[in-house]
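Keep the sequence and the coordinates at hand while reading.

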Amino acid sequence: MASVQDIIVAASFNLLSVLVFLLAFAFLRLQPFNDRVYFPKWYKKGIRESPKSSGPVMKKFVNLDYRTYLRFWTWMPEALRMPEPELIEHAGLDAAVYVRIYLLGLKIFVPIAFLAFAVLVPVNWTGESLDKIKDLTYSNIDKLSISNVPPGSLRFIAHIVMAYIFTFWTCYSLYKEYKIVMTKRLEFLAAENRHPDQFTVLVRNVPPDPDESVSEHVEHFFCVNHADTYLLHQIVYNANNLATLVETKKSLHNWRTYYQTRYERNPKVRPRTKTGFWGLWGESVDAIDYYTSQIEKISEEEAAEREKVMSDPNAIVPAAFVSFKTRWGAAVCAQTQQSSNPTIWLTEWAPEPRNVYWENLAIPYVELAVKRLLMAVAMFFLTFFFMIPIAFVQSMASIQGIEKVFPFLKSLIETEKVKSIVQGFLPGIVLKIFLVFLPTILMTMSKIEGLTSFSALDKRTAAKYHLFIIVNVFFGSIITGAAFEQLQTFLKQSPSEIPRTVGVAIPIKATFFITYIMVDGWAGIAAEVLRLVPLILFHLKNTFIVKTENDRQEAMDAGGINFATTEPRIQLYFLLGLVYAAVTPFILPFIIIFFAFAYLVFRHQIINVYDQKYESAAAFWPDVHRRVIIGLIMSQLLLMGLLSTKSVAKSTPALIVLPVLTIWFHRFCKGRFEPAFVRFPLQDAVIKDTLEKATEPNLNLEAYLHDAYIHPVFKPIKDIPIVHDEEENNPLVVSTKRHSRRSGGGSKPDSGRITPQVVLD
């Protein structure tokens, strides 16, 4: 159990880690050869480049201007300076709304913390109940919690009143934020330029017809039932094997380009390679001839597979992308039932082309139901059986656990400094390490379920991860932690006293979560901005793998914010803050620091680093709202159960009102706001169609949509430019103009807009 001294040591250790990470980031981001790692978004937009610099060779790799080091901290105000409308244009609505989750945390918990410390902390501190309980493990921090209030005391009225205030304030903040996000979504959709997904619907489970092919059947159905608005359709092929061959051929092309470049630079020596894995072993052959022959061989296989896909009726999936002449026509089709049989002709809005997960479009509809059932069963076993190793890890990450397994370390661990580090730092870092591979497992399970877009995969994985965090990280840590720490007390007391001890031990577990917040929420966020692993991987790839300019672009690509992993982790902090606000308010400052620091860091990251792979116009916000509501209801139920162990049974009728009101509030918000996130208003569709017809009367929409949803393997491969050795010669100051994803790619800023400079200082 962590004491005040242990918390201070852990805080000092984590703050030192944060300082080291931030200083390392401030230094590394200023070095010219790291520019693509810390500003990849500007390179990808094509408005930042790496021109050659004159002077000493070292200047090409190291920033020799000492004045920039004196202004190392300026990235922080720069991250906050960009107004939100500019941020939405620059990074997209998804990214801008994502950072608002951290802002929502600040809006909720800063007022709650002031109230809790002004009212509940004095009430808890003067309770003096823990001193009267024998054989109970606790620290001075626990005297600030509800555990220090004696059973049956009138002091619990303060906790009940504060629970009502906390609930009402949280609901008010959620309502205001839901309304803001909905407004921004509607404005974003109204201002968005033309995109293929605005006119296109994904149709699945097309019924077989003995007289018509899938393509003919789709065309016939929509010509009859949507005669005035139907435009064209694109059938879906099962091209997964062909996609594998195309990727292999692309890799071989890159290798051949690399060796041809080497030969052109040194024509006297023909490059050679080995035929084994990665060219590490096997027969030594001429590299250019070898890869040329391999390309010819796989090209024949590709041509045969392509012919097979195009000619084999079984390669056509009973699904299609159907496009309409107007947005109104697409909205009507996507949001209505197409047949009296609700299991066929299933329609939904098509994801934007870059958001389509093509591999899953080939999965038959019946097979989807079976796979989802199997994954639900697998998720159940993964969630609940994972608690066993977590319990073991929690027992090991303590003084007693380590001494039991490694008795020869007892003398070292019992020293004051080591003991403080073990109790204040080790439990949090062990749990974080233990969960490293979980997101990959959950994403794989979501892919098996057959979801057809990356956004849907992220949402489903986030739901799984959130469930896992609630069951294992939260309840698992509380139950197993309380059981292990109070085991001796449990064994000695009568069964009737156990619920009371558990009621006291649960709030005491807040000290563990404080250490976890400092490890994951403080040091973890600082490590996020440092990007040490991407930095190392980029230079390794740049040295050993990069052969073309396309390779370099892929090497520096940071991807987008991993919503599937980060959003459920944020929800853990909402859950902890809501649960412990009325129980152990001492945890709230640590949570507030996390939200403030994360808001700053992720604002910087979405401006300079992350480039979202798709844009859903903040369609994930209903999930964010619902998960905060779940945390709020859990906090109310846990407080109700805790007070029942404190001989305050009369508090139950007063507290039972809270979850009822919260559920009613959620249903109200669901009816008031959620339709704007799942359906597109026909009125807005008509307005956009009318404006487009007036401004672009000669628009050839059929040509625009003709190949929008063709599988990537059927699209021609663009020529790949060769990389140049001098690419890393970056300047110390690079002018960078912002432009919107809706601006058509022009670099000229709008009138009245700010044209910022990204200055490496």
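A residue is called buried here when its relative accessible area is under 20%. The model is a predicted one. With that cut-off, 5 of the 5 residues of strand β1 (residues 200-204) are buried, so the strand is largely enclosed by the rest of the structure. In a regular strand the side chains alternate between the two faces of the sheet. In β1 both faces are covered: Thr200, Leu202 and Arg204 are buried on one side, and Val201 and Val203 are buried on the other.

Strand β1 belongs to an open sheet of 4 strands, whose order is β2-β5-β1-β6 and whose pairing is antiparallel. β2 and β6 (346-349) are at the edges with a single partner strand each, so one side of each has no neighbour in the sheet. From one strand to the next the twist averages 25°.

The pairings can be followed across the sheet. Strand β5 (residues 316-324) is joined to β2 by 7 bridges, and the two run antiparallel; within this pair, Tyr237 is opposite Ile316 of β5. Between β1 and β5 there are 5 bridges, again antiparallel, and Arg204 faces Ala319 of β5. On its other pairing, β1 meets β6 over 4 bridges in the antiparallel sense, with Val203 placed opposite Thr347 of β6.

Tyr237 also leads out of the sheet. By the ring-pairing rule the model has 42 aromatic pairs. Tyr237 and Phe714 form an edge-to-face aromatic pair, with 5.7 Å from centre to centre and 65° between the planes. Tyr237 lies in strand β2 (residues 230-237), while Phe714 is in the loop between α32 (701-705) and β7 (733-735), so this pair ties together parts that are 477 residues apart in sequence. How accessible are the two partners, Tyr237 and Phe714? Tyr237 is buried, at a relative accessible area of 17%, whereas Phe714 counts as partly exposed, at 22%.

Two arginines are also placed over rings. Arg194 lies over the face of Tyr704, 5.0 Å from the ring centre.

Next comes the nonpolar packing. The largest nonpolar core has 142 residues, and those with the most contacts inside it are Tyr98, Phe109, Tyr580, Phe595 and Trp621. Helix α7 (residues 93-125) gives the most to this core, contributing 17 residues. A second, separate core has 14 residues, among them Phe221, Tyr230, Phe324 and Ala330.

Phe595 shows what such packing looks like at one residue. Apart from its neighbours within four places in sequence, Phe595 is in contact with Ile101, Tyr102, Gly105, Leu106, Phe109, Ile570, Tyr573 and Phe574. Phe595 is also part of one aromatic cluster, formed with Tyr98, Tyr102, Phe109, Tyr573, Phe574, Phe594 and Phe602.

Helix α6 (residues 84-91) is mostly covered, with 7 of its 8 residues buried. Its buried residues are Glu84, Glu86, Leu87, Ile88, Glu89, His90 and Ala91. What do the buried residues of α6 pack against? Their partners are α3 (40-44), α7, α8 (156-191) and α27 (588-608). Just after α6, Gly92 takes a positive phi of about 100°.

How values were computed. Residues numbered from 1 in each chain as written. Predicted model: local features only at pLDDT ≥ 70, side-chain atom pairs only at ≥ 80, totals over all residues. Heavy atoms only, no water. Core = buried A, V, L, I, M, F, W, Y, C linked by side-chain atoms within 4.5 Å. Buried < 20%, exposed > 50% of the residue type's maximum accessible area, 1.4 Å probe, protein only. Contact = heavy atoms within 4.5 Å. Phe/Tyr/Trp six-rings, centres within 6.5 Å; stacked < 30°, edge-to-face > 60°. Lys NZ or Arg CZ within 6 Å of the ring centre and 35° of its normal. Pairing = 2+ DSSP bridges. Axes fitted to C-alpha atoms, helices over the stretch in contact; angles between N-to-C directions.
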